[in-house]
Amino acid sequence: MHRFDEEADDLARAIVDYAVARIRMDPPPLDGPRREPDLRAEVGETITFDGIGGLEALRVFTDHLAPATISVDHPRFFAFVPAAPTESAILFDLVVGASSLFGGTWLEAAGAVYAENQALRWLADLAGLPADAGGVFVSGGTAANLSGLVAARHAWRARHPGGARRRALVVAGASAHSSVALAARVMDVDVVDAPCDERGALSGDGVDATLAELDGEPVVAVVATAGATNTGVVDDLAGVADAAEARGVWLHVDAAYGGAALAAPSARPLFAGIERADSLVIDPHKWLFAPYDCAALLYRDPQQARAAHTQHADYLDVLQKDGDWNPSDYAYHLTRRARGLPFWFSLAAHGTRSYRDAIESVLAFTGDAARLVEAAPHLELALQPALSVLLVRRRGWAAAAYHAWSERSLAEGLTFTVPTSWRGETLLRFCFVNPRTTLRDFELVVDSLR
Ligand SMILES: *Cc1c(COP(=O)(O)O)cnc(C)c1O
């Protein structure tokens, strides 16, 4: 493998040209999945003893592999949680890769960690966390929830020296993301369901009653959700915080999707109480215009997380001697990509005002889209819109019709929108994060549902 020659130069240009062209496609083709046998027939074997060469591998990607992936940043991608990374964040991601940064320790990457910490600080300030709060960017909300809950259990055990052998409990509502149940399985703890209101929001009274029933049990955390992924509904954070605080239980707030709206003054009041979180998750790769993968995990008291997550080994102990801030110490990981840097770069370049405005524009768009649904005789809102999620009923349709429409409209390149269920009913779910989505885009989808 050569380090540099003319061929390498051509390849570098081709890759950068492709990357820039892809970012600037407006819109990119929606594309869609292919069957494995079809890809095998078309692409064949790509790993060979001699190598196929960089330009050929790039051609295979651009001609065959990329079109077999859905463009999450397409303005009519409304499924799950879309993404809409800024051009500057994506370009800087190339720089992060080019720089071979080891983002785990201050010793190896002080400059990168300094910048990541400023981006984390912006999020901590939006939430109103104290000045000494801090954390780390991890791969996703799933990894962040696990790491936050591990820290919560560790802190509980430190306060209950006799309790180390007891199976821990976590209290959460139906609003909690599936990754909380997964974290509980990994940790081998039980999740106790707390009652939710008719919109699916966890209430302070519900948590209070649940904690009262569990008096004396090893409850290591209460999980509140600030923006349920299925509905956008924000739990009663202040009420839940009161209930948790009254019994000295760690409050973990999962705002992986919704936390971006902390930057929008119009939505900020929904989050009252979030400043009392002991741990908080916000995914910049969802609604904060960062490329995958990037999730912020913040702790009110980072020392507690450090106690839970620091790895000790003869060859690592040199990292601990100066009390440096090592991102590795705040989650379940060691080696890590400095994945907060693309987010930091874009935030630094554009300023926080652009973020506020972009998120406000998505919220305003959601209101406009909801009015379109209400005005359409064939559609109705199944739930009042919360944050940037709409649950829509197509009058007269059963589950199969929703699924057929979803598949057809992806195949036609119109939209990627998938059905969900809410209270046992199949519905369409639209999630908006892309400021480039226009009302015309949504109108096309509304029309196709006739
Ligand atoms: C998306 C989401 C998660 C999981 O995040 P990943 O980044 O996909 O791992 C967790 N909680 C909530 C509320 C989410 O919306």
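View 1. D125 and R121 sit four residues apart, about one turn, in helix α5 (residues 106–127); helices here are DSSP runs of H or I with at least four residues, and strands are E runs of at least two, numbered from the N terminus. Their side chains meet in a salt bridge at 2.7 Å, N to O, where the term asks for a side-chain nitrogen of Lys or Arg within 4 Å of a carboxyl oxygen of Asp or Glu. D125 is partly exposed at 47% relative accessible area, and R121 is partly exposed at 22% (buried is under 20%, exposed over 50%, partly exposed in between; 1.4 Å probe, protein chains only).

A note before moving on: this is a predicted model, with local features needing pLDDT of at least 70, side-chain atom pairs counting only at pLDDT 80 or more, and totals for chains, interfaces and linings using all residues. Residues are numbered from 1 along each chain as its sequence is written, and side-chain values use heavy atoms, leaving out hydrogens and water.

**View 2. R24 and E87 pair across two helices.** Here the salt bridge spans 2.8 Å, N to O. R24 belongs to helix α1 (residues 6–24) and E87 to helix α4 (residues 87–98), so the pair ties together parts 63 residues apart in sequence. R24 is exposed at 55%, while E87 is partly exposed at 28%.

**View 3. E380 and R395 form a salt bridge.** Their closest N and O atoms are 3.6 Å apart. E380 lies in strand β8 (residues 379–381) and R395 in the loop between β9 (389–394) and α14 (399–411). Salt bridges with shared partners join E380, R393, R395 and E425 into one network.
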